[in-house]
Structures are given as C-alpha cells and as structure tokens.
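Let's take a friendly tour of the pockets, charge pairs and surface of this protein. Please have the viewer open as you read.

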Amino acid sequence: MDLVALEEIRRLKYRYLRCVDLKLWDEFAEVFVEDAVAEYDTPVLGKTLRLEGRDAIVQYMRENLDETKISAHAAGAPEIDIDGDRASGVWSLDDSIIIPAHNLLIRGAAFYYDTYRREDGRWLVEKTGHRRTYEYMVSLDDAPSLKFTTSH
C-alpha cells in the first residue's frame, strides 16, 4: 500500500467536505478532474442527482448550498484501494443541512463511493456520489428553545 498516496486521498476528501461547508467554491473546484461526475442520492427530490463535469458540480453546489444554508459534513472510516494512478474509496457520511429561511433541518447518513485519478502528481476526484442509509427532515419550529449562537 502506498501510504503517501493514501494520506493524499484522505486529505483530498477532507478538503472536499471543508470547502462545501465553508462555501469555498473556487477551492472546491480544485478537487476535481475536469470531466468529473457526481451522483448524489437525493430522497427529498425522489431521484439520484447526476452532474457531469467539474463546472456542473461546482455550479450545483454553489446554487443549492449557498450562504443562506448551514451545512456540516463529516466523512470517515475510509476503505481506499490504490492501483497506480487510480484509486477507489468508500466513506461513511454523516451530514446536516439547516435552512433558516424555512426553519428546516435535514439530517442523514450515507456511504460515498469515489474514484480518484492522479494527474500531474496530484490526486483528484474523478467520480463521487453517495447512497443514503437514511435521511429525515424536521421543522425547527418543533424545537422552540433552539437558538443558534453562531453560524458562518
């Protein structure tokens, strides 16, 4: 096992998540190859969302997880296999999306299934996507004592 490559891939996934939650869209774009594909299981939409190309992925995230929404994504327990300049990984995901304008919390868990490609010495996401194990929505009106002390 190439332990350096393994750590580079881990850092790549963590960067992906950090950039989504902090809305760092230019840096987020840098984690993908140009022809990347994303397939996100979206029960709230009733279908799997398929996005083709780095620009389409970034545009979707920029529009749907904008500054009016609060998100927290945590991925762990990676199972990563490396074969030369290609790799695959499975990650557990726990995520929350808060939409203050609608007093709505969306929580869930999933497993990410990723493929990676090394280009010019850098690991990048070639394909990403997740399959939900569960997702739920709850109105924050049901928790009248809930107060946010900060959000960025």
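## The second largest pocket

The residues that line the second largest pocket divide into 1 nonpolar, 5 polar and 4 charged. In this count Ala, Val, Leu, Ile, Met, Phe, Trp, Tyr, Cys and Pro are nonpolar, Asp, Glu, Lys and Arg are charged, and the others, Gly among them, are polar. Before going on, please note that this is a predicted model, in which local features need pLDDT of at least 70 and side-chain atom pairs count only at pLDDT 80 or more, while totals for chains, interfaces and linings use all residues. Residues are numbered from 1 along each chain as its sequence is written, and side-chain values use heavy atoms, with hydrogens and water left out.

The space in this second largest pocket comes to about 160 Å³. Its lining includes E39, T48, Y113, D114 and K127. Strands β5 and β6 each supply at least two lining residues, and β6 gives the most, with 5 residues. Helices (H or I, at least four residues) and strands (E, at least two) are DSSP runs, numbered from the N terminus.

## The largest pocket

How is a pocket found here? On a 1 Å grid over the protein atoms alone, a pocket is an open set of points where a 1.4 Å probe fits, with protein on both sides within 12 Å along at least five of seven lines; lining residues have an atom within 4 Å of a point. Grid points are joined across faces, edges and corners, and a volume is the space filled by probe spheres set on the points.

The largest pocket has a volume of about 550 Å³. Of its 25 lining residues, T42, Y60, N64, L65 and I97 are the closest to its centre. Two or more lining residues come from each of α1 (3-22), β1, α3 (54-64), β4 (86-99), β5 (104-119) and β6 (122-139). By class, this lining has 16 nonpolar, 4 polar and 5 charged residues.

## Salt bridges between strands

The structure holds 16 salt bridges, each a side-chain nitrogen of Lys or Arg within 4 Å of a carboxyl oxygen of Asp or Glu. One of them pairs E39 with K127, with the closest N and O atoms 3.7 Å apart. E39 lies in strand β1 and K127 in strand β6, so this pair ties together parts that are 88 residues apart in sequence. E39 is partly exposed at 25% relative accessible area, and K127 is partly exposed at 35%. Buried means under 20% relative accessible area, exposed over 50%, and partly exposed in between (1.4 Å probe, protein chains only).

R132 and D95 form another salt bridge, at 2.7 Å between the closest N and O atoms. R132 is in strand β6 and D95 in strand β4, so the pair ties together parts that are 37 residues apart in sequence. R132 is buried at 17%, and D95 is buried at 5%.

## A charged network

E126 and R117 meet in a salt bridge of 2.6 Å, N to O. E126 is buried at 14% relative accessibility, and R117 is buried at 18%. Salt bridges that share partners join D35, R86, R117, E119 and E126 into one network.

## A nonpolar surface patch

V44, L45 and M137 make a nonpolar surface patch of about 290 Å². Patches are made of residues with over 30% relative accessible area and no salt bridge; like charges are joined within 9 Å, and nonpolar side chains (Val, Leu, Ile, Met, Phe, Trp, Tyr) within 5 Å. Accessible areas come from the Shrake-Rupley method with a 1.4 Å probe, and for residues only the protein chains shown count as cover. L45 sits in the loop between β1 (32-42) and β2 (47-52), and is partly exposed at 47% relative accessibility.
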